[in-house]
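Here are my notes on the model, as numbered points. Please read them next to the coordinates.

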Amino acid sequence: MRSVLWLLALFGIAVAVALFAGNNQGTVTLFWPPWRVDLSLNLVLLVLAAAFVLLHVALGALAALFDMPRQALRWRTQQKERAMHGAMLDAISHLLAGRFIRARKAAEGALGQERTLAAGGHAPANGAQVRTLAHLLAAESAQSLQDRAAREEHLKQALEEGTSRDAQETREGALMRAARWSLEDRDPEGAIGWLKELPQGAGRRTLALRTKLKAARLARQTAEALETARLLSKHRAFSTSAAESIIRGLAIDLLNGAHDAQQLQRNWIALEPTERAMPELAVHAAQRLIALGGDAQVAREWLLPVWEQQHRLGETLKVKLVRALETGLDSIDADWLARIEGAQRANPRDAALQYLAGVACMKRQLWGKAQQLMGQAAMGLQDPRLHRNAWRAVAQLAEQRGDAETAAQAWKRAASD
């Protein structure tokens with residue numbers, strides 16, 4: 001459409017010129033005594049147009065001639081900038097390919113090109129960012145070559161260059177890499193120190209949090225590691241199952257770090273409700289509390305949510321639950337006894353529940369019922385420890401009622417496990 005319009009305009013201009021020039025009878029007379037020159041007006045206009053074009057071209061040629069030194073300088077500057085950026089790309093390529101010596105040389109070459117440009121008064125607009133990134137690439141190469149002195153020198157210069165506003169994000173990257181290098185050197189305190197220098201927003205990024213988690217675990221700062229794992233879980237840095245596993249493991253480490261029952265209870269309260277609802281964690285906490293001489297009633301309170309879903313637990317976890325409850329049955333109350341008996345009646349073939357109910361009956365001196373439950377449990381238990389304990393209980397009950405033969409057989413079965 002645009003071409004059609006241009007063509008129509010050209011036709012119109014041609015028609016207008018033809019109409020003007022074809023019937024134009026005007027003349028231009030030049031008097032130069034004693035001569036007189038008569039010229040056609042069309043010719044005068046044509047000569048003036050040609051003179052204008054010629055003058056315009058001549059002036060353009062002169063301007064281009066006088067501008068050649070500046071253009072040559074600009075071309076040389078562009079070549080140097082291209083060489084600088086090419087050296088940066090070479091450094092990155094060599095670093096990714098594992099050619100660390102070449103990568104460091106390329107990064108140092110880029111720094112040399114940038115210094116040459118700056119000395120000539122043509123420093124690139126992103127010079128600070130280029131210098132910071134080049135030093136960072138050189139430091140990364142030095143780290144891979146185990147040249148710590150060179151790494152520290154380049155890192156120091158990268159952080160100094162990164163103070164400018166244009167290179168702020170590159171400086172944040174340098175701090176994160178420095179923390180990673182500290183972890184590789186088995187220096188978690190140094191890694192945490194580098195991460196603390198990050199701005200608040202950068203410190204909450206997934207990469208920074210992952211590094212902080214590794215550093216906290218390496219430094220055995222379990223509470224800090226657990227809080228960091230929670231943040232990573234909220235950021236969806238892990239899959240749901242992986243996040244749950246990591247948090248559960250850190251929470252167990254936190255509970256294991258308690259030296260007395262009071263500290264353990266404080267650590268338990270510090271956990272989030274979703275964490276306290278984890279069956280594995282609750283069972284471990286109860287076992288740990290009993291081992292530290294804590295209140296068995298408190299342990300049973302921690303285990304109550306797990307007990308309410310015991311029919312959905314796996315066999316291994318159910319055995320752990322039974323072991324945790326067994327250690328505190330000396331002080332069991334009527335409510336818990338009713339819960340155990342109700343669960344056993346609802347699942348009469350569950351050997352673990354038979355064993356737990358049998359132990360509860362023994363604590364309450366219900367010998368006949370205990371004998372029946374323990375005999376059934378001993379035949380069905382798969383866990384070696386519970387199986388052995390069940391036969392021992394059968395032997396003790398048999399001895400109590402004077403059945404030496406049954407007691408001997410039970411002791412033999414207990415010893416064979």
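1. The accessible surface of the protein is about 24,600 Å², and carbon and sulfur atoms account for 56% of that area. The model is predicted, which applies to every value below. Of the 417 residues, 37% are buried.

2. How does the radius of gyration stand against that of a compact globule of 417 residues? The protein has 44 Å, whereas such a globule would have a value near 22 Å. Along the principal axes, the C-alpha atoms fill a box of roughly 165 × 60 × 35 Å.

3. Taking contacts between residues at least 6 apart in sequence, 56% join residues at least 24 apart.

4. The secondary structure consists of 21 helices and two strands. Strand β1 covers residues 27-32 and strand β2 residues 35-40; the two pair in the antiparallel sense, with six bridges. A hairpin of two residues connects β1 to β2. Within this pairing, Leu30 has Val37 of β2 as its bridge partner.

5. Is Arg186 buried or exposed? Arg186 sits in the loop that runs between α6 (168-184) and α7 (188-196). Arg186 counts as exposed because its relative accessible area is 62%, and the cut-off for exposed is over 50%. His135 is 51 residues from Arg186 along the chain, and their C-alpha atoms are 23 Å apart.

Key:
Residues are numbered from 1 along each chain as its sequence is written. This is a predicted model: local features need pLDDT of at least 70, side-chain atom pairs count only at pLDDT 80 or more; totals for chains, interfaces and linings use all residues. Side-chain values use heavy atoms; hydrogens and water are left out. Two strands pair if DSSP finds at least two bridges between them. Helices (H or I, at least four residues) and strands (E, at least two) are DSSP runs, numbered from the N terminus. Buried means under 20% relative accessible area, exposed over 50%, partly exposed in between (1.4 Å probe, protein chains only). The radius of gyration is taken over C-alpha atoms; the globule rule is 2.2 Å times the number of residues to the power 0.38. Contact means heavy atoms within 4.5 Å. Accessible areas come from the Shrake-Rupley method with a 1.4 Å probe; for residues, only the protein chains shown count as cover.
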